[in-house]
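I opened the notebook to look up a few local features.

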Amino acid sequence: MNKKGFTLVEVIMSIVLVSVVLTFMLASLVKLRNTYSEVNENTDALIFSSSISRIINNDLYDNGGIRYVGCNIEGDRCDIILSNSKRRRIVIIDNELSDLYTRGINASNEQVSLDEEQWQYCDTYLKCMQIDTSSGNSACTYYCPIKTITTTLKYLDTTENDEGELIYIKTLSLTQNTDLKKDRVHTVGYNFGKMSYTTYEFESANKFVDPINKLNPYRNVISSLSLQINDTVDKNDNTYGITLYSSASYPPGMVIGDEIKLTLDSSNETIEDAKTITSYYDEIVVKYGVSFNVYVKKDGVKTNQLTEIKKLNIPVAVKKDGSAYKFNGYYYRINREDGSYEDIQIIDENGNILVTNTYFIEYEEVVDGEVKKVKDRTLFASWS
């Protein structure tokens, strides 16, 4: 007997086959979408890193290259001196785009108000991560599940003033998703990380101040400045980072950035009856052609970290009768061959530095019959 149509088994098998095919097709589409999203995001990273590199490198090239570069310990600010003595600064600024949340969701899925120290910038209510306390009870540690972080790079011309004139600005945004229960952090986007630099200096083999006799070769310096761009999950991944390369050549002499120490002698033979002399700083470190600096003090103890100064805290001298001497500034004494001398005022009575950071240079001195290069000076205080 001939049968028309489909049997129940055939219908079921057809549905199963179609479901399997659709499942694989859907999985392929999802994977394709994720791949496209990742490729698109990576392409954006390549585009803006290339754009930043092109703009800054072109400016460095147009001004003769980097003669000196120095970055702070945090790696979010680098100052550059170019061969034509123009100055540049690269600054990275962290911004919080998310709202400041003062409420959270506790372990019972209830909204609760948080203490001030628990407030966080977040895109949603803070969630509870239960922890065991020393008393054996459970407590909540609140964390942000979704957060938007931005970093902004500014490239400034600081030749005329320290505030700088904006040359270029770029902001990167990143969304951070955190699940502490699964110990997992996922991010979308990129942020600027730290900056670091390396420099190499050597004498020129073919450029001299006196080219006929090949005397006094020029100094060559090769600089490399690295700007990190990462997803904050793996901060060591610098696939899309920016590297700026530069070379410069300049006449021999003091190298930009060389350090010269100015010792501050606050005592003086004219104030022998002083009861106390208080001086906050006992030395100034001059970075040649760059800045005047002092060592940072923490809890009154000097560290090895330098900070730039524009003005010095003046010393105070008190007489035995309780009255105070008047501070007239710090001076540097130049001794002449005929036995006379001249006192040059370096810092005035208000603590203002009167000379440029190229005023003092290294000099040669005979010590134990040998000629040695010296990079320090002593400044003495004048009182009345």
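Is Asp183 buried or exposed? Asp183 counts as exposed, because its relative accessibility is 71%. The cut-offs I used: buried is under 20% relative accessible area, exposed is over 50%, and partly exposed is in between, with a 1.4 Å probe and protein chains only.

**Ground rules.** The model is predicted, so I kept local features at pLDDT of at least 70 and side-chain atom pairs at pLDDT 80 or more, while totals for chains, interfaces and linings use all residues. Residues are numbered from 1 along each chain as its sequence is written, and side-chain values use heavy atoms, with hydrogens and water left out.

**Backbone angles.** Most residues other than glycine have a negative phi. I looked for exceptions. Asp183 has a positive phi of about 55 degrees and is not a glycine. I found Asp183 in the loop between β11 (165-179) and β12. Thr232, also not a glycine, has a positive phi of about 70 degrees. Thr232 is in the loop between β14 and β15. Thr232 is partly exposed, at a relative accessible area of 23%. Strands here are DSSP runs (E, at least two residues), numbered from the N terminus.

**Sheet.** Next I took an open sheet of 3 strands. Its order is β13-β14-β15, and the pairing is antiparallel. The edge strands are β13 (191-210) and β15 (242-250), each pairing on one side only. Neighbouring strands of this sheet are turned by 15 degrees against each other on average, direction ignored. Those angles come from axes, lines fitted to C-alpha atoms, and the scale runs from 0 to 180 degrees between N-to-C directions. Strands pair if DSSP finds at least two bridges between them. β14 (residues 215-230) and β15 are joined by 9 bridges. In one of these strands, β15, Ala248 is the bridge partner of Val221.

**Rings.** I counted 8 aromatic pairs in the structure. The rule: rings of Phe, Tyr and Trp (its six-membered ring) pair if their centres lie within 6.5 Å; planes under 30 degrees apart are stacked, over 60 edge-to-face, the rest tilted. Tyr190 and Tyr240 have ring centres 5.3 Å apart and planes at 70 degrees, so this pair is edge-to-face. The pair links distant parts of the chain, 50 residues apart: Tyr190 is in the loop between β12 (184-189) and β13, and Tyr240 in the loop between β14 and β15. Tyr190 is buried at 12% relative accessible area. Tyr240 is buried at 13%.

Phe327 and Tyr330 are edge-to-face too, with centres 5.3 Å apart and planes at 65 degrees. Phe327 and Tyr330 are both buried. With Trp383, they form a cluster linked by ring pairs.

**Charges over rings.** I required NZ of Lys or CZ of Arg within 6 Å of the ring centre and within 35 degrees of the ring normal. Lys207 lies over the face of Tyr218, at 4.6 Å from the ring centre. Arg333 lies over the face of Tyr341, at 4.0 Å from the ring centre.

Ala381 lies in strand β26 (residues 376-383). Ala381 counts as buried, because its relative accessibility is 0%. Ala381 and Asp123 are 258 residues apart in sequence and 58 Å apart in space, C-alpha to C-alpha.

Conventions. Helix = DSSP H or I, 4+ residues; strand = E, 2+ residues; numbered from the N terminus.
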